[in-house]
Amino acid sequence: MNLPATITDNLTELLFKIIEFTRNRHKILIQNINQMHSAGFMPKDMPVDEFSKLLQQAVSEYAQTRRLVFIDSQNVKFGSNGSFKVLPVSDNQAKQLLDSDRDEYLRIQVNKLLENSLNQRIAAELLKHKQDDVCLGRSFS
């Protein structure tokens, strides 16, 4: 995942990371629904809590030092020029539900999609407002 060269500040970088993460999670969740009838299918998800914790740590670091520092974890790796990679993880709880109650499995996957979509829309809207403020000559980093 590479962030656009238009990133000008820390808030913008965080929002782009959230948008990219939610785009990739969307793909994984759709795959969970499309392949639910495939024999031996193992549902996956993005490591949401892990990613969220890393962003919280970066924001805390920024609040103390005015430097945005991203630290790698087991499934999330940050690279140069704003790039990062997130590895999907097996969702054992979803697998158990898929094996025992397909209707409930599907309901939960749809709810995850809705939550993910909301997170992406919020980040995109914040980014839009941020860019509008910069264009009007107001800036908040």
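Leaving aside neighbours within four places in sequence, valine 76 is in contact (heavy atoms within 4.5 Å) with Pro47, Glu50, Phe51, Leu54, Lys85 and Val86. The model is predicted: local features need pLDDT of at least 70 and side-chain atom pairs count only at pLDDT 80 or more, whereas totals for chains, interfaces and linings use all residues. Residues are numbered from 1 along each chain as its sequence is written, and side-chain values use heavy atoms, with hydrogens and water left out.

Val76 is among the residues with the most contacts inside the largest nonpolar core, together with Phe51, Leu68, Phe70, Phe78 and Val86. This core has 15 residues; a nonpolar core is a set of buried Ala, Val, Leu, Ile, Met, Phe, Trp, Tyr and Cys residues joined through side-chain atoms within 4.5 Å. Two or more residues each come from helix H1 (10-34), helix H2 (48-65), strand E2 (76-78) and strand E3 (84-86). The most is given by H2, with five residues. Helices (H or I, at least four residues) and strands (E, at least two) are DSSP runs, numbered from the N terminus.

## Salt bridges

The structure holds seven salt bridges, each defined as a side-chain nitrogen of Lys or Arg within 4 Å of a carboxyl oxygen of Asp or Glu. One of them joins the side chains of glutamate 13 and lysine 17, at 3.3 Å from N to O. Both residues lie in helix H1, four residues apart, about one turn of the helix. Glutamate 13 counts as buried because its relative accessible area is 17%, and lysine 17 is likewise buried, at 1%. Buried means under 20% relative accessible area, exposed over 50%, and partly exposed in between (1.4 Å probe, protein chains only).

Lysine 112 and aspartate 45 form another salt bridge, with their closest N and O atoms 3.3 Å apart. This pair links distant parts of the chain, since lysine 112 is in helix H4 and aspartate 45 in strand E1 (residues 44-45), 67 residues apart. Both partners are buried.

Glutamate 61 and arginine 67 also meet through their side chains in a salt bridge (3.7 Å, N to O). Glutamate 61 is partly exposed, at 25% relative accessibility, as is arginine 67, at 49%. Elsewhere, salt bridges that share partners join Arg25, Asp45, Asp91 and Lys112 into one network.

Valine 110 lies in helix H4 (residues 102-135) and is partly exposed, with a relative accessible area of 35%.
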